[in-house]
Amino acid sequence: MNADLPYFALSVRQPWAWAIIHGGKDIENRTPGAVRAGRMVPGRICIHAATGMTEREYRWAVWKMGETGVRVPLPSALVRRAIIGTVDVVDITEASESPWFGGPCGLVLQDPRPVAPIACAGALGYFEWSADGHVSPAAPWMERFGKPKDGDGTLPLFDALDVSFAAPPEKPFGRKK
């Protein structure tokens, strides 16, 4: 583990992990049970980009983030199964005016700082992380959206996807809004 980084991490599915570090997402929504079971308290933590991300989740997130003016990178450019940054959890709230708040509880986030991706497995709640293995490769559905255009084969972070929808896609989880 990098001695300069917090000991604990929170795993967040993409593209929400990216939005915390790069897109201005200042609330991470959780249930009260998840907050208690995950021993979530204020303090500086690492943000871990989880391995899982479905096309349905991605499409809904692109639409939802578009409401706040955030353009989401191509799915193949979103690092998964890695620490991608750090953030301060400054409060845990049950109400917020933030456009990112969806309840019932929210970790209030400040001062996001990106780091070069560090491959590691995730876990539920706050977890003690350690570098291991490799980041997850892009799934076939992610490649169908296209690849970032940069002659050297790397994935530029802000190669944004411009997607429009005639109607909002169906929410892939939780309560329908």
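Mentor: Let us begin with what Arg30 touches. Leaving out residues up to four places away in sequence, Arg30 contacts Leu10, Ser11, Val12, Val35, Met40, Gly103, Pro104 and Cys105. Keep in mind that this is a predicted model.

Now look at the polar side of the picture. The side chain of Arg30 reaches the backbone oxygen of Ser11 at 3.1 Å. Arg30 also makes a polar contact with Glu28, side chain to side chain, at 3.0 Å. Is Arg30 buried or exposed? Arg30 has a relative accessibility of 17%. Buried means under 20%, so Arg30 counts as buried.

Next, the strand. Arg30 belongs to strand E2, which covers residues 27-30. Strand E2 is part of an open sheet of six strands. The order across that sheet is E2-E5-E4-E3-E1-E6, and the pairing is mixed. E2 is an edge strand, and so is E6 (126-128); each pairs on one side only. On average, neighbouring strands of this sheet are turned by 45° against each other, direction ignored.

Move along the sheet to E3 and E4. Strand E3 (residues 43-49) and strand E4 (residues 82-93) run antiparallel, and seven bridges join them.

Strands of a sheet pair through backbone hydrogen bonds, either parallel or antiparallel.

Now the packing. The largest nonpolar core holds 37 residues. Ile47, Tyr58 and Met65 have the most contacts inside it. Elements giving two or more residues to this core include strand E1 (8-12), helix H3 (55-67) and strand E5 (105-119). Helix H1 gives the most, with six residues. Take Ile47 as an example. Among the residues that Ile47 touches are Leu10, Ala17, Ile20 and Ile21, and also Ile84 and Val87. Leu10 is on the contact list of Arg30 too. There is also a second, separate core of eight residues, and Cys46 is one of them, along with Ala9, Cys120 and Trp129.

Last, step back to the protein chain. The chain has four helices and six strands. Along the sequence they follow the pattern β-α-β-α-β-α-β-β-β-α. Of its 177 residues, 44% count as buried. Arg30 counts as buried too. The chain exposes about 9,200 Å², and carbon and sulfur atoms supply 55% of that area.

Methods
Residues numbered from 1 in each chain as written. Predicted model: local features only at pLDDT ≥ 70, side-chain atom pairs only at ≥ 80, totals over all residues. Heavy atoms only, no water. Buried < 20%, exposed > 50% of the residue type's maximum accessible area, 1.4 Å probe, protein only. Polar contact = N/O pair within 3.5 Å; in protein donor to acceptor, adjacent residues only side chain to side chain. Contact = heavy atoms within 4.5 Å. Pairing = 2+ DSSP bridges. Axes fitted to C-alpha atoms, helices over the stretch in contact; angles between N-to-C directions. Areas by Shrake-Rupley, 256 points an atom, 1.4 Å probe, with all protein chains shown as cover. Core = buried A, V, L, I, M, F, W, Y, C linked by side-chain atoms within 4.5 Å.
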